[in-house]
Amino acid sequence: ACMLCRRAEADPDICGQKLKKRGICAHVFCLYFANDIFQHWVHQVGLMRFLPEDIQRTVKRAAQRHCVCGESGATITCRETDCDRSLYLPCAVEGGCVTQFIFEYSASHLTHPFPLPLNSFCWEQGPQQAVETTPEENTTCLICLDPVGNRKSYSVMVCPACKHAWFHRGCIQGQALCAGIACFRCPQCRDQDMFLAEMFTVGIRIPLRFMSCPIHKTGGCMCLLSERQGNCDASECLCPGGREQAEEEGPWQLLLCCSCAAEGTHKHCSYWRNSTASWECNSCA
């Protein structure tokens, strides 16, 4: 079992690869998130440059700290200085805690020999989405198509750019791991800048992988689809500014297909009400 989270089996997407060397066993991200433990400059020492004596010292210090699950020995504490809550990394999502994988998001990681510090927050101190919006009745997750409920929460999130794309935390985390930082963007409006920053802030792990791109069911690259789609594909576009004009709201707001994002339409061109938040093209429907 990992000495830091005490799990023999844990989700590698959350805890990372499990490493073993000379009687020391730990998950990669459990090491990075643990308190008061640092990597050394010498590449050959310890476990990923974490010294065995430092790992053991961290485990010993955490003996009296209790995780959100109730077990003692949690090695990760809330980043807020006035909070004394602790957690095991595998329990973070289950306990509604936010863990920010800063080092995978920062471009400086490409040249800096060590990851930057990672942030952990308990369920009360963790950052939340600031966008003020609620899902319409019967709104479903754009990824799994299951209902998202009637409000924003830790497990239900919305795109900060379009404010219409709703998804479950677990669903968008899976997409982020598949896409990598180069291709990860809103499943509906395809915004990347605001979307990336927001997802990182609320604890979505976005791997620093630039050459990976998920393949759409039509066989096309999702990046190319997102770059291509900025037009109204209605059989008759009624917009005075033409098919390429798109506004943030109102009749000329451009809706992308919530299933494939490969086609779009102005609300007015497809005779949708202004309250309509999602649309599906004929091919997907």
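This is a short tour of the structure above, one selection at a time.

**Before you start**

The model is predicted, so local features are described where pLDDT is at least 70 and side-chain atom pairs count only at pLDDT 80 or more, while totals for chains, interfaces and linings use all residues. Residues are numbered from 1 along each chain as its sequence is written, and side-chain values use heavy atoms, with hydrogens and water left out.

**Stop 1: colour by confidence**

Colour the chain by pLDDT, the predictor's confidence in each residue, from 0 to 100. The protein averages a pLDDT of 80, and 82% of the residues score at least 70. Helices and strands on this tour are DSSP runs numbered from the N terminus: helices are H or I with at least four residues, and strands are E with at least two. Which elements have the lowest and the highest mean pLDDT? Helix 7 (residues 222-228) is lowest at 45, and strand 7 (residues 156-158) is highest at 95.

Next, select residues 104-115, where the pLDDT is below 50. This stretch has 28 contacts in the model beyond near neighbours in sequence; a contact means heavy atoms within 4.5 Å. Residues 214-222 also have a pLDDT below 50, with 20 contacts counted beyond near neighbours in sequence.

**Stop 2: the nonpolar cores**

Buried means under 20% relative accessible area, exposed means over 50%, and partly exposed lies in between (1.4 Å probe, protein chains only). A nonpolar core is a set of buried Ala, Val, Leu, Ile, Met, Phe, Trp, Tyr and Cys residues joined through side-chain atoms within 4.5 Å.

Select Leu4, Leu31 and Ile55: they have the most contacts inside the largest nonpolar core, which has 29 residues. Strand 2 (24-27) and helix 2 each supply at least two residues of this core, and helix 2 gives the largest share, six residues. Now show the surroundings of Ile55. Not counting residues up to four places away in sequence, Ile55 touches Met3, Leu4, Ile24, Leu31, Ile37, Leu47 and Phe50. A second, separate core has 28 residues, including Ala165, Ile172, Ile206 and Cys258.

**Stop 3: helix 5**

Select residues 169-179, which form helix 5. Its buried residues are Arg169, Cys171, Ile172, Gln173, Ala176, Leu177 and Ala179. These buried residues pack against helix 1, strand 7, strand 8 (166-168) and helix 6 (193-201).

From here, go to Asp13 in helix 1 (residues 12-15). Asp13 counts as partly exposed, at 39% relative accessibility. Leaving aside neighbours within four places in sequence, Asp13 is in contact with Leu177 and Arg205.

**Stop 4: salt bridges**

A salt bridge is a side-chain nitrogen of Lys or Arg within 4 Å of a carboxyl oxygen of Asp or Glu. How many salt bridges does this rule give? The count comes to two.

Select Arg57 and Asp54, whose side chains meet in a salt bridge (2.7 Å, N to O). Arg57 and Asp54 are separated by about one helical turn because they are three residues apart in helix 3. An α-helix has 3.6 residues a turn, so residues three or four places apart point the same way. Arg57 is partly exposed at 38%, whereas Asp54 is buried at 15%.

Then select Glu124 and Arg85, which meet in a salt bridge of 3.3 Å, N to O. This pair links distant parts of the chain, 39 residues apart: Glu124 is in the loop between strand 6 (119-121) and strand 7, and Arg85 is in the loop between strand 3 (76-77) and strand 4 (86-87).

**Stop 5: two buried polar residues**

Move to Asn35, in the loop between helix 2 (28-33) and helix 3 (52-61). Asn35 counts as buried, at 17% relative accessibility. A polar contact of 2.3 Å joins the side chains of Asn35 and Thr77; the term means a pair of N or O atoms within 3.5 Å, where within protein one must be able to donate a hydrogen and the other to accept it, and residues adjacent in sequence count only if both atoms are side-chain atoms.

Finish at Thr99 in strand 5 (residues 98-100). Is Thr99 buried or exposed? At 8% relative accessibility, Thr99 counts as buried. Setting aside neighbours within four places in sequence, its contacts include Phe33, Leu89 and Gly203.
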